Amino acid sequence: MPRQVDHDLRRHQIAEAVWRLAGRGGLEQVTLRLVAAEAGVSARLLQYYFGTRDQLLLGALEILNNEAEQQAKERMATLGESPGMRAIVRGVLHEMLPLDEERRNRHIVYAAYFIRFLTEPALTSVARNAPHALANLVADLIAEGQRLGQVRNDADPSDEAMFLLAGTEGLQTRMLLEQLSADRAVALIDRQLDRIFISDPRAEADPSR
């Protein structure tokens, strides 16, 4: 067990070096030599833990995604024992916004990966799977809300999920460019959720409510 813990800590240390370099200058800065220097390890040790540069990039991305998922679960736990579907979907969308330094740094790293997602086959296949998983999650949450009477009957869960995710990604970009404040981005998401979710299930039968 101690050896496994040391192994995981060292991999995380190296992954953090990748994130720092990517955040400062894009993936062009992420070479085996520069990562080794940034992490304070030898190039041989770096290759032992990750292998080739492509394997390093994918490994660092996987660690970043796992860390983001854990942090998201911790934030979602603060919603209480029985949050409504609206609160859960809202929480998922908030994870896509740079609402604090940790999330901002993470999304800058994702942005650095984006061009490589489009041009490098080793990364493209990984990138293609992530949006589908997230869209399916949000669609399932909306469908469950519909089953519980928390979502309008005429809403299409798949279409609404795709629209919410695409819109939130656009807000994310504007926030990273400091063209949009966090409060405004959150308000825009809430407006879209208000369009889909029903605060009072009886309101669907009586639009004036």
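Author: This is a predicted model. Its chain has 9 helices and 0 strands.

Reader: What makes α2 roughly perpendicular to α3?

Author: The axes of helix α2 (residues 32-39) and helix α3 (residues 43-50) cross at roughly 100°. Angles of 65 to 115 degrees count as roughly perpendicular, so α2 is roughly perpendicular to α3. The two axes come within 9 Å.

Reader: Which residues of α2 and α3 make the contact?

Author: On α2 they are L32, V35 and A36, and on α3 they are A43, L46 and Q47. By class, 5 are nonpolar, 1 is polar and none is charged.

Reader: Why is the pair of E38 and R20 called a salt bridge?

Author: The closest N and O atoms of E38 and R20 are 2.8 Å apart. The cut-off is 4 Å, so the pair counts as a salt bridge. E38 sits in helix α2 and R20 in helix α1 (residues 2-25).

Reader: Why is E38 called partly exposed?

Author: The relative accessible area of E38 is 25%. Buried means under 20% and exposed means over 50%, so a value in between is called partly exposed. R20, at 36%, is also partly exposed.

Reader: How do you know whether R106 and E95 are buried or exposed?

Author: R106 has a relative accessible area of 7%, and E95 has 10%. Buried means under 20%, so R106 is buried and E95 is buried. R106 and E95 form a salt bridge, with the closest N and O atoms 3.7 Å apart. Both belong to a network of salt bridges that includes R75 and D100.

Conventions
Residues are numbered from 1 along each chain as its sequence is written. This is a predicted model: local features need pLDDT of at least 70, side-chain atom pairs count only at pLDDT 80 or more; totals for chains, interfaces and linings use all residues. Side-chain values use heavy atoms; hydrogens and water are left out. Axes are lines fitted to C-alpha atoms, for helices over the stretch in contact, and angles run from 0 to 180 degrees between N-to-C directions. Helices (H or I, at least four residues) and strands (E, at least two) are DSSP runs, numbered from the N terminus. Angles under 35 degrees count as roughly parallel, over 145 as roughly antiparallel, 65 to 115 as roughly perpendicular and the rest as oblique. Contact means heavy atoms within 4.5 Å. Ala, Val, Leu, Ile, Met, Phe, Trp, Tyr, Cys and Pro count as nonpolar, Asp, Glu, Lys and Arg as charged, and the others, Gly among them, as polar. A salt bridge is a side-chain nitrogen of Lys or Arg within 4 Å of a carboxyl oxygen of Asp or Glu. Buried means under 20% relative accessible area, exposed over 50%, partly exposed in between (1.4 Å probe, protein chains only).
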